[in-house]
Structures are given as structure tokens and as C-alpha cells.
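The points below are intended to be read beside the sequence and the model.

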Amino acid sequence: MTSAAQPALWRRVGVVAALMVAAFTFNTAENLPIGLLTLLSDDLGTSLGAVGILVTGYGVTVAVASLPLAHATRSVPRRHLLTALLAALAAANAVAAVVPSYALMFTARVVTALAQALFWAVMGPVAVGLFPERVRGRVLGVLSVAGSLAMVLGVPAGTWLGRHYGREAPFAVLAGAAAVSMLLVAALLPATRPEEGHGSRGTRPDRRRFAVVLATTALSVTGAFAGYTYVVEFLGEVGGFSDDSVSALLTVPGVAGVIGVSVAGPLLDRYPRATLAVPVATQAAGMLGLYAFGDRQAAAVAFLAVLGASLGPVFMATQARVLESAPGRTEVALAANSGAFNAGVAVGALLGGALLPLAGVRGTFLAGGLLTLAALTALLGERLLPAAAPRGPAISS
């Protein structure tokens, strides 16, 4: 849409605030079973492993469904689509609060995961399209901070509510937050066609550079989760920390991640290349530092913070680069990037699990660091690509 067609500033800010609440709610819902593992196992009469599948199955669903759903809904007005996704989020969490069986809980989780798969693809283009192109990075940074806060505030708060008031309480709160976000989006977001506005297309479309971004996402996330999935075992076995200390240390990467996203967000517009290359390099340093010096407790804490500070900015920066280089519609390109991210989480966890009996938990961080270096190599090699041809007619995808 043109600037003349833009709604009032307070309406645009209201939409972004609603999307921030939604991002926080989705990320909290995704990871909440981690904090309620034993409680859900007892309530649903199932094993801890089955409850764990509520998390891993969620990620696999997002990875598989992101691209097909984005492609199938290209013509749906964004206000209607986002309202429907947030309604699904509210309904699924309301069901999760009261269902008596594991099968129904699993179904509610699949519905939430399908909604999240499409939400992350649509949210960015909608939000950045409400503001001038020059502040795209800052808009993405604000949304990323909200998502990052889920692990620092959302999951711990949900865990506390569940332990004190039963597992109904945290899911009911999430349902309420989703409902509020849904109502705000329905009331404030203009009913424009999806292809309108600068957020629907890449500012500098280039298939080769887009492929580099996808490779960076896949390699860096696979590397991160090859080791980070087993960070509890690492801190106890290699670092020599007590169980209570490990629980406290798990807040370090979360807090560092929020700080990292907060710092990197405002820089995305001014330094788009550096704000991806630096956190990828920082992630490699954190992984390899833990491998080399993880048996020294002070160094382990420091490198854990370095690793945590890089994870959020890497995903945020790849999203910004996708909005720049997308060769077609940005929501389809963002869905591909989200799929690569979630696939990396799953493959990384599997790779780390396969390495555990062969190289020990320390070896998982070495493998993760080397994969991250491969991501950095691919990213730096992008500079060798020739400049893209001038922008031609829009590509339908």
C-alpha cells in the first residue's frame, strides 16, 4: 500500500503490539510442555517420553507445513488470515487446558503448530508493510524481542502457574492472550490484498542469495541444536555443576538472547550483512568455546551466554535477509526459512543424539561448532556472487 493509504499511526502500532503478543504466545505454547513435563505426564496418564513428543512433534509439524500452507493461502486477505490463525491458537489452548486424554492434547498441539507454521510466514510481511522500508529491521527486531521473551518469561511463568494452580491455568492464560491479539488484529489491521504493499515482495530479489540465506539457516540451526539440545548433560558432566546450579544457568542463554535481539534489531537496517555474519560467527565461538573450555566453570558460563546471545539474532537476521532477497512472495520465502529453521532443530537434535555414544556430550558441541563454521563460510562466500540482474516483472510463487 502507498503511504497515502496507510492507516493512522496508532492503528499501525496497535497491530504490531498485537503481533508481539501473538509471537510471545506462540513461542510460549510451543515450549510450555518442557516446564510441565511431569505434570502433564501425571494428568494425561502417559510417559515422559510421550509428553516430550508434544514438543518435538510440534517442531516437525511446523517444519513440514510452513511452505505448503503459505503457498495455499497466498490469496487470502491478511487480516482474515491472521484473525483465523489467532482464533485457532486461542481455541487450541483452551482445549489443551481441559482435555482429559493424550490424544486430544496431541490434536490441540497439532492445530497450534499448523497455525504457528503460517503465522511466522505472514507476520513479518504484514508488520513491515505498515511502515516505511527504511525501518524494516527495527520492526522485525521488536517482534523478535517479543518472541525471545517467551523462554525467559513465558515458559517459567507458565511452569509456575501449572505447579500452583494445575495445568489448566497456563493454557487458559495463553488462550486469553491469543483472543486479545485476535480481536486487536481484526479491529485494526486493514483488509488489503496480500500482494499489496512493499512487504509482499523482496526489495532486491535474488534466487542465489536467497539460497545462501536458507543454507545459513539450516546449517547454523542444525549446529546449534546438535549441542544445545544436550546442554543440561554438558553442564553437569563436563562443567561439573550441581543440579540446582544447572537449573539456574539455563536462564543465562535466555536472558542473553533477549539482549542480543534487542541490540541487533536496530542495526538490521544499517548493517544487513554484518548483523547476520556477526551472530553466526559468535555462535561458532560459543559452541567451540564450550567444547574447548567447558570444564572451567567461569568459561562455561561465559561461552553459554555468548551462544545464547547469538541464537535469536541469527534467526531474526535471516528473516530480514529473506525480506530483501525473496525471489517471489515474501510469505512463501519466509515459510521456507521457517521450515529450514525447524528442520535444523530436529536434525540437530538427532545428530547430537547419534554422536553422544561416539564422541560424548563434549563432541556434540564440537560438531555443532564446525557446522556453524560451515554456515559462516557459505554466508561469506555470498560476496563472491555477481550482482543480481535489475528487478523485472514480479515472480509469482
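1. The model is a predicted one. Neighbours within four places in sequence aside, Thr-28 is in contact with Ala-150, Gly-154, Val-155 and Leu-174.

2. Helix α2 covers residues 37–44, and its buried residues are Leu-40, Ser-41 and Leu-44. These residues lie on the same side of α2, because they cover an arc of only 105 degrees around the axis. The partners against which the buried residues of α2 pack are α1 (9–35), α3 (48–72), α5 and α7 (168–188). After α2 comes Gly-45, with a positive phi near 65 degrees.

3. The next point concerns helix α4 (residues 78–98) and helix α5 (residues 102–129), whose axes come within 9 Å and cross at roughly 150 degrees. Angles over 145 degrees count as roughly antiparallel, and α4 and α5 are therefore roughly antiparallel to each other. Their crossing is left-handed. On the α4 side the contact is made by Arg-78, Leu-81, Leu-82, Leu-85, Leu-86, Ala-88, Leu-89, Ala-92, Asn-93, Val-95 and Ala-96. On the α5 side it is made by Met-105, Ala-108, Val-111, Thr-112, Ala-115, Leu-118, Phe-119, Val-122 and Val-126. By class, the residues of this contact comprise 17 nonpolar, 2 polar and 1 charged.

4. Helix α8 (residues 207–228) and α13 have axes that come within 10 Å and cross at roughly 160 degrees. The two helices, α8 and α13, are therefore roughly antiparallel to each other, and their crossing is left-handed. From α8, the residues Arg-209, Phe-210, Val-213, Thr-217, Ser-220, Ala-224 and Tyr-228 take part. They meet Leu-304, Leu-307, Leu-311, Val-314, Thr-318, Arg-321, Val-322 and Ser-325 in α13. This contact of α8 with α13 has 9 nonpolar, 4 polar and 2 charged residues.

5. Helix α13 (residues 297–325) also packs with helix α14 (residues 330–381), at an angle of about 150 degrees and with the axes 7 Å apart. Accordingly, α13 and α14 are roughly antiparallel to each other. The crossing of α13 and α14 is right-handed. Leu-307, Phe-315, Thr-318, Gln-319, Arg-321, Val-322 and Leu-323 of α13 make the contact with Thr-330, Ala-333, Leu-334, Asn-337, Phe-341, Phe-365 and Leu-379 of α14. The classes here are 9 nonpolar, 4 polar and 1 charged.

6. Is Asn-337 buried or exposed? At 0% relative accessibility, Asn-337 counts as buried. Apart from neighbours within four places in sequence, Asn-337 is in contact with Val-213, Leu-214, Thr-217, Phe-315, Thr-318, Gln-319 and Val-322.

7. Finally, Val-263 is found in helix α11 (residues 251–264). With a relative accessibility of 51%, Val-263 counts as exposed, since the cut-off for that class is over 50%. Thr-275 is 12 residues apart from Val-263 along the chain, and the C-alpha atoms of the two are separated by 9.9 Å.

Key: Residues are numbered from 1 along each chain as its sequence is written. This is a predicted model: local features need pLDDT of at least 70, side-chain atom pairs count only at pLDDT 80 or more; totals for chains, interfaces and linings use all residues. Side-chain values use heavy atoms; hydrogens and water are left out. Axes are lines fitted to C-alpha atoms, for helices over the stretch in contact, and angles run from 0 to 180 degrees between N-to-C directions. Helices (H or I, at least four residues) and strands (E, at least two) are DSSP runs, numbered from the N terminus. Angles under 35 degrees count as roughly parallel, over 145 as roughly antiparallel, 65 to 115 as roughly perpendicular and the rest as oblique. A crossing is left-handed if the near helix is turned anticlockwise from the far one by less than a right angle, and right-handed if clockwise. Contact means heavy atoms within 4.5 Å. Ala, Val, Leu, Ile, Met, Phe, Trp, Tyr, Cys and Pro count as nonpolar, Asp, Glu, Lys and Arg as charged, and the others, Gly among them, as polar. Buried means under 20% relative accessible area, exposed over 50%, partly exposed in between (1.4 Å probe, protein chains only). The arc is that of the directions from the helix axis to the C-beta atoms.
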